[in-house]
Amino acid sequence: MTSNAKTVVRDAAIVYGLTFAAGLGMVAGGITIETNSSTAYLWNLLSGVLGFTLVGARISANRAEHLTWVAATLWTFNLSNIALGIQSSSAWIHSGLTVLLMASLGGCLAMIFTLTSAAKRRT
């Protein structure tokens, strides 16, 4: 593993914090999974993509490996949702696909942003 465990946990906490804040914002706005599931899912997805983009842009070497470790750690953090009764275990297993989607989209955006910033520095 080339990623530092401390960095992976920090980055997973950043993504978790962003998705948690988006969830609190949705609840404050009256948007819940029960009332509007597609909007809740979209906001969760977008906040996760933003988080993975931020942490992915900070890493220049081995970005894909690092984001894979961050995604696995984030998914493990989400086990607390089962303990709190927020999510069922089957929903947690299925949420792994959403975490993979977040990491993939965020990683792609991070790569695009770092490529365009590197191109600007060269000119």
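S95 sits in helix α5, where helices are DSSP runs of H or I with at least four residues, numbered from the N terminus. With a relative accessibility of 13%, S95 counts as buried; the cut-offs are under 20% relative accessible area for buried, over 50% for exposed, and partly exposed in between, using a 1.4 Å probe and protein chains only. Setting aside neighbours within four places in sequence, S95 is in contact with W75 and Q87, contact being heavy atoms within 4.5 Å.

All of this comes from a predicted model, in which local features need pLDDT of at least 70 and side-chain atom pairs count only at pLDDT 80 or more, while totals for chains, interfaces and linings use all residues. Residues are numbered from 1 along each chain as its sequence is written, and side-chain values use heavy atoms, with hydrogens and water left out. As for confidence, the protein averages a pLDDT of 90, and 92% of the residues score at least 70; pLDDT is the predictor's confidence in each residue, on a scale from 0 to 100.

Next come the aromatic rings. A search of the whole structure turns up three aromatic pairs. Rings of Phe, Tyr and Trp (its six-membered ring) pair if their centres lie within 6.5 Å, and planes under 30 degrees apart count as stacked, over 60 as edge-to-face and the rest as tilted. Y16 and F77 make an edge-to-face pair, 6.1 Å from centre to centre and with 90° between the planes. This pair links distant parts of the chain, since Y16 belongs to helix α1 and F77 to helix α3 (residues 63-77), 61 residues apart. Y16 is partly exposed at 23% relative accessibility, and F77 is partly exposed too, with a relative accessible area of 29%. The rings of W75 and W92 are stacked, because their centres are 4.1 Å apart and their planes are at 5°. Here again distant parts of the chain are linked: W75 is in helix α3 and W92 in helix α5 (residues 89-122), 17 residues apart. W75 is partly exposed at 26% relative accessibility, whereas W92 is buried, with a relative accessible area of 13%. Ring pairs also join Y16, F20 and F77 into a cluster.

Then there is the nonpolar core, meaning a set of buried Ala, Val, Leu, Ile, Met, Phe, Trp, Tyr and Cys residues joined through side-chain atoms within 4.5 Å. The largest one has 14 residues, of which V15, F52, V55, V70, A71, L74 and V99 touch the most other members. Helices α1, α2 (37-58), α3 and α5 each supply at least two residues of this core. F52 touches V15, L67, V70, A71, L74, V99, M102, A103 and G106, not counting residues up to four places away in sequence.

The helices themselves look much as expected for their length, taking the expected span as 1.5 Å times one less than the number of residues. Helix α1 (residues 5-28) has 24 residues and reaches 34 Å from its first C-alpha to its last, close to the expected 34 Å. For α2, with 22 residues, the end C-alpha atoms are 32 Å apart, which agrees with the 32 Å it should span. The 15 residues of α3 reach 21 Å between the first C-alpha and the last, close to the 21 Å expected.

In α1 they include T7, D11, V15 and M26; in α2, F52 and V55 are among them; and in α3, H66, V70 and L74 are among them. H66, in helix α3, is buried with a relative accessible area of 2%. The side chain of H66 makes a polar contact with the side chain of D11 at 2.6 Å. A polar contact is a pair of N or O atoms within 3.5 Å; within protein, one must be able to donate a hydrogen and the other to accept it, and residues adjacent in sequence count only if both atoms are side-chain atoms.

Finally, the ends of α1. At its start, a side-chain oxygen of N4 comes to within 3.2 Å of the backbone nitrogen of K6. A28 lies in helix α1 and is exposed, with a relative accessible area of 72%. The C-alpha atoms of A28 and L54 are separated by 25 Å, the two residues being 26 residues apart along the chain. After α1 comes G30, whose phi is positive, near 85°.
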